[in-house]
Structures are given as C-alpha cells and as structure tokens.
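Some terms used for a protein model rest on cut-offs. The questions below ask how such terms are reached here.

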Amino acid sequence: MNIKSCCVDFNHSKFVVYCALLCFSLTWVLQLDGYISISYWLIFLPLFIWKSLVLIGCIVGTLIWWTTPQLRENRTEFHAMWLSLIVHIQLALFEIFVCFNLANGQPIKWIVVFAPLLFLTPLSTVAFLWLYRNDRPYMLELLLAANVLLFIFVALKLDGTIDWSWGIVFLPVWILMCIVTLVVIYCAFWNMFMLRHMQEAAAAASSNAAANHISGEQRRYYLQYICTGLTLVFPLLAFQVLLAAKLDGGDAIRYSWFVTFAPLIVTLFTLLTTTFGGTGVTRGGNRWFFGMRTDFCTFAMNLFPCLKEYGNISVKLSAGHEQDYTGNVNSYGLGSGGESRREQRVIYLGDAPLSSDDSQSQSSSHLSSRGVVHIDTPD
C-alpha cells in the first residue's frame with residue numbers, strides 16, 4: 001500500500017458524498033427494520049451536512065477568488081464549483097421536501113416534492129456536457145440527467161396516479177443498468193486483453209527495466225478498473241431486484257430491509273475505497289472548494305506539517321509475513337520522488353540493532369514494533 005499515491009489522488013469531494021450516502025442508507029435501513037425510531041430529520045442529517053459543506057466551501061472559495069486575483073490560474077475549476085453548488089442546492093430542496101412530507105404525514109403531493117429534481121434535469125444535462133468537455137467529474141450530473149423518467153414514475157406511483165408494479169416503475173433504471181452492464185463487461189474483456197498483451201510485451205522486453213515498470217503500473221490500473229466496475233454494477237443490479245420484489249411483495253417477502261439494502265451498502269463502500277488512489281476523472285477534487293487551490297493532501301500537510309512524516313510511507317508484506325515500511329521522499333517538502341539514484345538507510349526495529357542514528361530511529365519507531373524501516377534519501 002503506497003500512502004503517497006493514495007493521498008495525492010485522494011478525492012475529498014467524493015469521499016464526503018459517499019460517506020454521507022453510506023450513513024444515510026444505514027440509518028434508513030435500521031429505521032425501516034424497527035431497530036431505531038428517530039426523527040426523519042436526523043436520518044437525513046448526513047445528506048444535509050454534505051450540502052452544507054458544499055455551500056460553505058463554495059462561499060470560502062469565492063471569497064478567496066475575489067480577494068486574490070493573482071491566484072486565478074484555473075477558471076474552469078472555479079466555474080465547476082459554482083455549477084456544483086447550483087445542483088446541490090436543488091438536491092437540498094428535494095431532500096427538505098421529502099423529509100417534511102415523511103415527518104408530517106405526507107401533506108404535499110409527491111409530484112410537487114419531486115419538482116426540484118424535475119427542474120434540475122435540463123440543468124444537469126447542460127452541466128454534464130460542459131463538465132465532460134472540460135474533463136471534470138460529471139457522475140452526479142449524468143445520473144440526474146439520465147433518470148428523469150424514473151423521478152416522474154416514482155412520484156406518480158406514490159401519489160396513486162398510476163397503478164403499476166414497482167418493477168415497471170423501475171423500468172428506466174433497468175434499461176440504464178443493462179446498458180451500463182454491457183459496457184462494463186465489454187471494458188472488462190478489453191482490459192483483460194490489454195493486460196495479457198502488456199504481459200507478453202513485458203516478457204519480451206524483460207531486459208528493459210523502464211518497460212517493466214510501465215507495464216506494472218498499467219497492469220495495476222487495468223486490474224483496478226476491472227474489479228471496480230464489476231463490484232459496482234452487479235451489487236447495484238441485485239439491489240434493484242431485491243428492492244422491487246420487496247416493494248411489490250410487501251409482508252409476503254420474508255427477508256429484512258437490511259438484506260435488501262446490503263448490495264447498495266457494498267456498492268457505496270466500494271465507491272468509498274475508490275476515492276483513494278483513483279484514476280482518470282476520479283482523481284483529486286475541485287481545488288477551489290474552501291480556497292485550497294491545490295490537492296487536499298498538500299493542503300492538509302501544509303496546514304498540519306506533522307502529517308508529512310506519515311505521507312511518505314509505503315507498506316509491503318514480505319514472504320516471511322513481516323512488514324517493511326518504505327519512506328519514499330515526495331513533493332511535500334521532503335524531497336523529490338523521481339530520482340534514479342538513492343541512498344538507502346535501513347533501520348531495524350525490535351530486537352535487532354539500530355544501523356542509523358538515534359534521531360531517525362526515534363522518529364520511525366512508531367511505525368512497527370517489529371520489522372524494517374527503509375529511509376530513502378537522494379544522493
């Protein structure tokens with residue numbers, strides 16, 4: 001596990017989103033199964049915290065933008081931040097209407113409750129096209145734009161205007177998920193083919209260390225892409241099937257709501273792990289939220305310098321099931337990680353004697369009670 005790579009590619013925005021959705025899902029399931037009985041406003045609290053962080057972050061980022069004109073090197077991210085704020089305000093209005101309706105015996109028609117989402121659909125379509133053109137994350141906008149029929153069908157079903165089964169109400173999602181499944185399966189086979197091709201190329205160029213290194217990086221990328229895609233799509237399909245059966249079957253369905261939502265929780269947890277060391281559009285986040293102007297890891301380490309000691313650790317399991325911790329010097333004020341020549345100093349922890357000075361051993365002794373610490377320094 002390379003902590004440096006995980007921190008550099010850490011997407012703080014998606015981490016907050018997935019944490020909020022995960023907490024909301026778990027609380028909602030416990031409420032449905034009768035394990036807890038709390039106000040709906042508390043159940044929706046994680047979602048409200050998510051939207052509040054977006055609002056505060058946008059306000060702080062805008063203030064810094066206007067007070068420091070010399071730092072306006074990237075207008076695209078600033079515009080994307082405001083576009084994201086508009087989308088989140090509409091989502092917050094929808095969540096407030098839902099919470100009010102559930103807490104007060106549904107005094108408002110559901111088609112009115114879903115009105116913010118319906119108004120948000122054309123905006124999400126325009127936002128998706130703009131974000132895609134400017135190579136910015138667009139997953140939320142794409143989901144909102146693609147599910148307009150689902151919003152209409154669910155609202156009409158809850159109001160009793162239509163008498164369809166939930167399986168038919170979810171028909172837009174079935175179509176969308178079938179397309180996504182076919183795309184993921186195609187990409188999985190294509191990535192497996194590319195992986196095999198690169199392995200053969202690496203074997204043919206085994207004398208070239210640089211070629212082997214590049215092949216190893218690409219191999220990890222393709223394996224991560226395949227595993228992530230498969231662990232996202234199939235649990236979502238299982239969740240939709242279980243949810244439709246549970247809603248249509250009522251009390252005749254024996255399994256609990258937790259079993260119904262279990263695949264969704266697995267999906268959210270998988271998405272949560274992808275916020276560390278992501279690839280492509282999942283990397284990083286908007287750098288103007290809270291006026292950071294840099295990636296979250298650099299911002300946090302500049303704010304708390306003591307974290308630099310932990311950001312350069314990479315953990316590997318050796319054949320003897322012992323852990324070695326390799327400190328690779330990186331751009332966080334500890335040096336550069338790109339040198340080809342290094343001087344490596346090894347510190348033995350535990351009963352072995354120390355081969356470095358006392359100050360280094362004391363600063364690294366917290367890493368493990370047993371094992372080896374490698375400290376790399378440039379020549």
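Axes are lines fitted to C-alpha atoms, for helices over the stretch in contact, and the angle between two N-to-C directions runs from 0 to 180 degrees. The model is predicted.

Q: Where do the axes of helix H2 and helix H4 stand relative to one another?
A: Helix H2 covers residues 12-32 and helix H4 covers residues 45-67. Their axes come within 8 Å and cross at roughly 160°.

Q: Why is H2 called roughly antiparallel to H4?
A: Angles over 145 degrees count as roughly antiparallel. The axes cross at roughly 160°, so H2 is roughly antiparallel to H4. The crossing of H2 past H4 is left-handed.

Q: Which residues make the contact of H2 with H4?
A: H2 supplies Val-16, Val-17, Ala-20, Leu-21, Cys-23 and Phe-24, and H4 supplies Pro-46, Leu-47, Trp-50 and Leu-53.

Q: What classes of residue are in the contact of H2 with H4?
A: Val, Ala, Leu, Cys, Phe, Pro and Trp count as nonpolar. The contact has ten nonpolar residues, no polar ones and no charged ones.

Q: Why is Asn-147 called buried?
A: Buried means under 20% relative accessible area. Asn-147 has 9%, so Asn-147 is buried.

Q: Where is Asn-147 found, and which residues does Asn-147 touch?
A: Asn-147 is in the loop between helix H8 (139-146) and helix H9 (148-159). Leaving aside residues up to four places away in sequence, Asn-147 touches Val-173 and Leu-176.

Q: How many residues does the chain have, and what percentage of them is buried?
A: The chain has 379 residues, and 40% of them are buried.

Notes. Residues are numbered from 1 along each chain as its sequence is written. This is a predicted model: local features need pLDDT of at least 70, side-chain atom pairs count only at pLDDT 80 or more; totals for chains, interfaces and linings use all residues. Side-chain values use heavy atoms; hydrogens and water are left out. Buried means under 20% relative accessible area, exposed over 50%, partly exposed in between (1.4 Å probe, protein chains only). Helices (H or I, at least four residues) and strands (E, at least two) are DSSP runs, numbered from the N terminus. Angles under 35 degrees count as roughly parallel, over 145 as roughly antiparallel, 65 to 115 as roughly perpendicular and the rest as oblique. A crossing is left-handed if the near helix is turned anticlockwise from the far one by less than a right angle, and right-handed if clockwise. Contact means heavy atoms within 4.5 Å.
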